[in-house]
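Open the model in your viewer and keep the selection tool at hand. We will go from ring to ring, then out to a sheet.

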Amino acid sequence: FFFFKQKTAYEISACLVGSEMCIRDRRNKDKVARRIHIIPPDSRLFQVIPANMSVSENKRDKASKGSISGSKVAPGMEIQFLVKFSPEAKIDYSYDLVVVTEREKFIVPIVAVGKRAMIDFPDMLDFGNCPVKYSTEKPVIIRNLGEKTTKWFLKLPSGFNVDRSEGMLESNATEQIIIKFYPTEQKTYQSEAILSYDNLEAYIPIEGKAFNGHVQLSKGYIQLEEAYIGLQTQQTLQIVNKSNVKVEFQWRAFATEKEETEKKNRLRYQLDQEEAEERMILREMVAHEPYKEERDIDDDENDSDEEEKKKKKKKKK
């Protein structure tokens, strides 16, 4: 039961049979007829009666037998029961209906979903073709079609970001967010965004194709003329942007960020090794200092003894 109102009765027809094979396809595929008994719900919110029996007949049947008895189900046939639901409040309800046959017993869960949030979000986010290292924006409208205020969270993959990744959305309220696509290299970015709300998760495909813009230099190389010591010479170079977007540029020693990162990592590793060697040398120096101090003390004592001997010899003379 979904989107129900309180103090309003609802009915739904269900096909129930006794064989375990019938639980899958609602038919008795056994070779013999089976009788079905349903234990009456002990909740006043739910009622179960055979589809061809009135409510008064069902009450008499329960009072006399303590269960809802259905007629025998012939092989290959099915029987219908009517489930009546009378909610007292707009909240979640659940009940396990016990069905008993001559040789088995199984449970049919009954679930009623009360107030729920339902966020309307685009089924797919496609940014199309976008220049590399250029931010492309796409406004997205989200709306809560449910009856419950909910908090939402949006998680985006690498290369995509949003101006607001979470928020609170009331019933029938709308909100606009800006999703941005910033590719760093020429390739197709294809992944999924995750929208979480009300203990639910929705996976939205997100895609964008990055291409290098038509930007070039006016010269393929620069040949500087000879100059005297202390003087300088110069040449003019132009950067030509033939794309339809504004391009930001920098002069760097490496062609790509990947090469620059690899070079930095190598230098960092080399520095770490040198630092480790210096620390080892310092530890060895500290470890030898007590021995050196003992030798210095011994030398001082020997010097003092020799001086005393010299003084004694002078006195004898």
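**Aromatic stops**

The structure holds five aromatic pairs (ring centres of Phe, Tyr or Trp, the last by its six-membered ring, within 6.5 Å; planes under 30 degrees apart are stacked, over 60 edge-to-face, the rest tilted). This is a predicted model, where local features need pLDDT of at least 70, side-chain atom pairs count only at pLDDT 80 or more, and totals for chains, interfaces and linings use all residues. Residues are numbered from 1 along each chain as its sequence is written, and side-chain values use heavy atoms, without hydrogens and water.

Select F127 and F160. Their pair is tilted, 5.6 Å centre to centre with 45 degrees between the planes. F127 is in strand β9 (residues 125-131) and F160 in strand β12, 33 residues apart. Strands here are DSSP runs of E, at least two residues, numbered from the N terminus.

The rings of F160 and F181 are stacked, because their centres are 4.7 Å apart and their planes at 15 degrees. F181 is buried, at 0% relative accessible area; F160 counts as buried at 6%. Buried means under 20%, exposed over 50%, partly exposed in between (1.4 Å probe, protein chains only).

Ring pairs link F127, F160, F181 and Y189 into a cluster.

**Charges over rings**

Select K138. Its charged end sits over the ring of F127, 5.6 Å from the centre (NZ of Lys or CZ of Arg within 6 Å of the ring centre and within 35 degrees of the ring normal). Then try K187: its charged end sits over the Y189 ring, 4.9 Å from the centre.

**The sheet**

Show β8-β10-β14-β12, an open antiparallel sheet of four strands in that order. Strands pair if DSSP finds at least two bridges between them. The edge strands are β8 (119-120) and β12 (160-162). Finish on I119: its bridge partner in β10 is N144.
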